[in-house]
Amino acid sequence: QVELVESGGGSVEAGGSLRLSCVASRYALGSTCMAWFRQAPGKEREGVAAICTGGGTTHYADSVKGRFSISQDNAKNKNTVYLQMNNLKPEDTAMYSCAAKSWGLPGDNWYLPEVYNYWGQGTQVTVSS
């Protein structure tokens with residue numbers, strides 16, 4: 001059974017918006033920190049945003065600050081993380097994946113893929129100019 005399932009990707013024009021969702025299940029339900037990563041063809045995976053300790057702490061890559069917003073709905077038996085992406089640019093085009101950390105907090109290392117235990121399959125975001 002898949003632990004993390006993403007949705008909400010698609011194709012938009014520059015300046016448009018998209019909202020990504022990531023639903024956690026099973027062992028990923030109790031994650032201490034959840035994040036969004038993206039990877040464009042020929043580029044390394046990049047940490048985009050993270051939300052930790054029930055939404056108390058958020059982190060953003062400099063490239064998305066002021067345009068993207070991460071939020072979380074962690075009601076009982078539910079853990080969904082959202083990434084609201086506004087004013088999208090062609091350089092935001094990538095496969096976006098959700099990641100979850102099952103224990104501890106990553107601190108300043110939130111952007112490193114190796115600190116996360118669970119990964120989703122990803123959802124494609126394409127921004128045209």
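A residue counts as buried when its relative accessible area is under 20%, as exposed when that area is over 50%, and as partly exposed in between. Keep that in mind as we look at Trp119, because its relative accessibility of 25% makes this residue partly exposed. The model you are looking at is predicted.

**The overall fold**

Let's start with the whole chain. The protein has zero helices and 11 strands. The C-alpha atoms fill a box of roughly 40 × 25 × 25 Å along the principal axes. A compact globule of 129 residues would have a radius of gyration near 14 Å, and the protein agrees because its own value is 14 Å.

How much of the protein is buried? Of its 129 residues, 42% count as buried. The accessible surface comes to about 6,500 Å², and 47% of this surface belongs to carbon and sulfur atoms. Contacts also reach across the sequence: among those between residues at least 6 apart, 59% join residues at least 24 apart.

**Aromatic rings that meet**

Now for the side chains. A pair of aromatic rings is described by the distance of the centres and the angle of the planes. The count for this protein comes to four aromatic pairs. One of them joins Phe37 and Trp119, whose ring centres are 5.0 Å apart; the pair is tilted because the planes meet at 55°. Where do the two partners lie? Phe37 belongs to strand β4 (residues 33–39) and Trp119 to strand β10 (residues 118–119), so the pair ties together parts that are 82 residues apart in sequence.

Trp119 also pairs with Tyr116, and this pair is edge-to-face.

| Pair | Centre to centre | Angle between planes | Arrangement |
|---|---|---|---|
| Phe37 and Trp119 | 5.0 Å | 55° | tilted |
| Tyr116 and Trp119 | 6.4 Å | 75° | edge-to-face |

**Charges over rings**

Arg19 lies over the face of Tyr82, at 3.9 Å from the ring centre. In another such arrangement, the charged end of Lys101 sits over the ring of Trp103, 5.2 Å from its centre.

Conventions
Residues are numbered from 1 along each chain as its sequence is written. This is a predicted model: local features need pLDDT of at least 70, side-chain atom pairs count only at pLDDT 80 or more; totals for chains, interfaces and linings use all residues. Side-chain values use heavy atoms; hydrogens and water are left out. Rings of Phe, Tyr and Trp (its six-membered ring) pair if their centres lie within 6.5 Å; planes under 30 degrees apart count as stacked, over 60 as edge-to-face and the rest as tilted. Helices (H or I, at least four residues) and strands (E, at least two) are DSSP runs, numbered from the N terminus. Buried means under 20% relative accessible area, exposed over 50%, partly exposed in between (1.4 Å probe, protein chains only). A charge sits over a ring if NZ of Lys or CZ of Arg is within 6 Å of the ring centre and within 35 degrees of the ring normal. The radius of gyration is taken over C-alpha atoms; the globule rule is 2.2 Å times the number of residues to the power 0.38. Contact means heavy atoms within 4.5 Å. Accessible areas come from the Shrake-Rupley method with a 1.4 Å probe; for residues, only the protein chains shown count as cover.
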